[in-house]
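Me: Please go through this structure with me. I want each label tested against its definition.

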Amino acid sequence: MCDHRVIDSVKRRMLSRRDLLRAAPAAAIAAAAGSAAPPALAAGASKVHDLTHELDESFPHFFGVQGVAFREVKSFDKDGFLTLELTLNEHSGTHIDAPLHVSADGASVAEIPVESLVAPLAVVDIRAKADESDDAELTPDDLKAWTAANGPFPERCCVAMFSGWESRLGTGKFRNVDGEGIQHYPGFHLEAAQMLMEETSAIGIAVDTLSLDYGKSPDFATHFAWLPTGRWGLENVANLGRLPATGATLIAGAPKWRGGSGGPTRVMALL
């Protein structure tokens, strides 16, 4: 790859493509870009929403550590192309928790069936509770209120807690640690997770905070109840406020590394 003839060839192709794009009228480029809809959109969805936060070295981590670091190992100036080396904690940014995260015999992130990573999305809005208390939890009463307004939860769905917490991102109020080192933010109450397991076929839950359990949980009860059953969870999900309570389809682009307990995930919703 480092042979100078290869690099010169790559540069010539890059320059040739750049000149072509500069010469093309803007309208023609737009027409070409929009000429074919992605298959999922062609099948009925009209828009794709990105539910993923951009991950950088400053993104808050549950343990207060740096979740990801980038090192440039190949550069355009020296090598003619760019390659970054990542040092990564699996549970950084918008990410998935696999059963293996809390269960020694649970499925790794690579073993989650791909069909389970596409699911109807049910968004449960608890913003009013979160505004009143940093320690708010999504409870069975919230699930009952959702079904009263929207009907039964869809088969094999993902149930997402929308607390509005992402508005705090970029401030200390997102991780929200008190003087005793305890975090405070919303999450799923154990009884809500149990209700979903017993009364629905939900395969995933999602939160817009750092943990499936609320911040001051002493025992991660929701994690230990939910994940060992073969279900998954998503943490630090973004932009839930752009979606209706029901009707969207979630796609979790989980990594497929062997033996992984989770990993940063590109989460999307089709609507």
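**Labels and their cut-offs**

Reply: L250 is in contact (heavy atoms within 4.5 Å) with L51, L117, V118, A119, L121, C158, W232, L234, V267, M268 and A269, leaving aside neighbours within four places in sequence. This is a predicted model: local features need pLDDT of at least 70, side-chain atom pairs count only at pLDDT 80 or more, and totals for chains, interfaces and linings use all residues. Residues are numbered from 1 along each chain as its sequence is written, and side-chain values use heavy atoms, with hydrogens and water left out.

Me: What makes a set of residues a nonpolar core, and which residues have the most contacts inside the largest one?

Reply: The term covers buried Ala, Val, Leu, Ile, Met, Phe, Trp, Tyr and Cys residues joined through side-chain atoms within 4.5 Å. The largest such core has 25 residues. Those with the most contacts inside it are L51, I96, L121, W232, L234, L240 and L250. Two or more residues come from each of β5, β7, β10 (232-235), β11 (248-253) and β13 (266-270). Strands here are DSSP runs of E, at least two residues; helices are runs of H or I, at least four; both are numbered from the N terminus. Another core, of 21 residues, lies apart from the largest one and includes I126, V159, A192 and V207.

Me: Which class does L190 fall in, and why?

Reply: L190 is at 28% relative accessibility, so the label is partly exposed. This residue belongs to helix α7. Leaving aside neighbours within four places in sequence, L190 is in contact with A221, T222 and A225.

Me: How do you know that the buried residues of α6 line one face?

Reply: The buried residues of α6 (residues 140-150) are P140, D142, L143 and W146. Seen down the axis, they fall within an arc of 160°, so they line one face of the helix. The arc is that of the directions from the helix axis to the C-beta atoms. Exposed residues D141, A148 and A149 sit on the face turned away from the buried side. The buried residues pack against β5 (118-125), α5 (127-132), β6 (137-138), β7 (158-162) and α7 (190-199).

Definitions and conventions:
Buried < 20%, exposed > 50% of the residue type's maximum accessible area, 1.4 Å probe, protein only.
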